Amino acid sequence: MRSDVATLPGSPERPNEDWVAAALPASGGGGTVVLLDGVTPPAGDVGCVHTVPWFTARLGGALTELSASRRDMPLPGILALAIRRTADAHRGTCDLSHVRTPQATVVLARWDETSVEHLVLSDSALLLESPDGVVRAVLDDRLDRVPEEVLRSHAATDRLRNQEGGFFTAAADPAVAGRAVTGTTPRAEVRALAALTDGAGRWVELFAEGDWADCFGVLREEGALGLLHRVRARETADEAAGGTRRWKLHDDATAVLVELAVG
């Protein structure tokens, strides 16, 4: 296995709220990738004394340890247990029922000699490349179904957060793991995989510079950092041209490419 990881903060004045890890078991027979995109809350009370980076580090660490050590446990069970562990770490100091308690999107992939498992929750992306170069995007598109005019209102967005008919993120309720997009692919049908937070996925989803297969090609040819630099350049050019299609100029952006078969 060979992996390439890069991350850039959206602003030097704010901590990067993304989190990523790629791990191999001691046997070398498989591996796991964990990618989180922390949800930046609006200013005001969130019911928690901890920061979003604190939350993503706790949740990401638990997901990495569990996905590598508990091969007997399916990915939704791993996400549920990791959420519970993270919630227990601040249950005594924070109001975890608050709708804006720290939370994150999740991409989780795990493989061995026979299969590749995946789990996606909210708007980060997982890309699976077959041996013949076909790229399949695994997406949770529920947030995309929320009208833009609703997302412009924090109160309206809160009413749809982790609610039926809305969208779901990993916060403090382990039951949300049952809402994730999951699946299993035969190992022989996956040559490589990639995971991107939505800040990196802007190259496809916001700027339409290419499709997911083109994006995978950029990752392979220019590396994860090359893709992120392309996104930053496009954001800057769009602002100079008077673009108004996003809430913020730059977002935290993270990408990881994993070649499962290295010849």
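## Salt bridges

A salt bridge here is a side-chain nitrogen of Lys or Arg within 4 Å of a carboxyl oxygen of Asp or Glu. Aspartate 158 and arginine 161 form such a pair, with their closest N and O atoms 3.6 Å apart. Aspartate 158 is buried at a relative accessible area of 14%, and arginine 161 is buried at 11%. The model is predicted, and a search of the whole structure finds 19 salt bridges.

Arginine 14 and glutamate 17 also meet through their side chains, at 3.3 Å from N to O. Arginine 14 is partly exposed, with 45% relative accessible area, whereas glutamate 17 is buried at 4%.

## A pair in the α4–β8 loop

The side chains of glutamate 164 and arginine 179 form a salt bridge with an N to O distance of 2.7 Å. Both residues are in the loop between α4 (154-160) and β8 (181-186), 15 residues apart. Glutamate 164 is exposed, with a relative accessible area of 61%; arginine 179 is partly exposed at 33%.

Elsewhere, salt bridges with shared partners join Glu129, Arg191, Arg220 and Glu259 into one network.

## Arginine 110

Arginine 110 belongs to strand β4 (residues 104-111). Its relative accessibility is 1%, so arginine 110 counts as buried.

Polar atoms of the arginine 110 side chain lie 3.0 Å from the backbone oxygen of arginine 70 and 2.8 Å from the backbone oxygen of methionine 73. Beyond its neighbours within four places in sequence, arginine 110 is in contact with residues including Gly31, Thr32, Ser67, Pro74, Leu75, Ile78 and Glu117.

Note on methods
Residues are numbered from 1 along each chain as its sequence is written. This is a predicted model: local features need pLDDT of at least 70, side-chain atom pairs count only at pLDDT 80 or more; totals for chains, interfaces and linings use all residues. Side-chain values use heavy atoms; hydrogens and water are left out. Helices (H or I, at least four residues) and strands (E, at least two) are DSSP runs, numbered from the N terminus. Buried means under 20% relative accessible area, exposed over 50%, partly exposed in between (1.4 Å probe, protein chains only). A polar contact is a pair of N or O atoms within 3.5 Å; within protein, one must be able to donate a hydrogen and the other to accept it, and residues adjacent in sequence count only if both atoms are side-chain atoms. Contact means heavy atoms within 4.5 Å.
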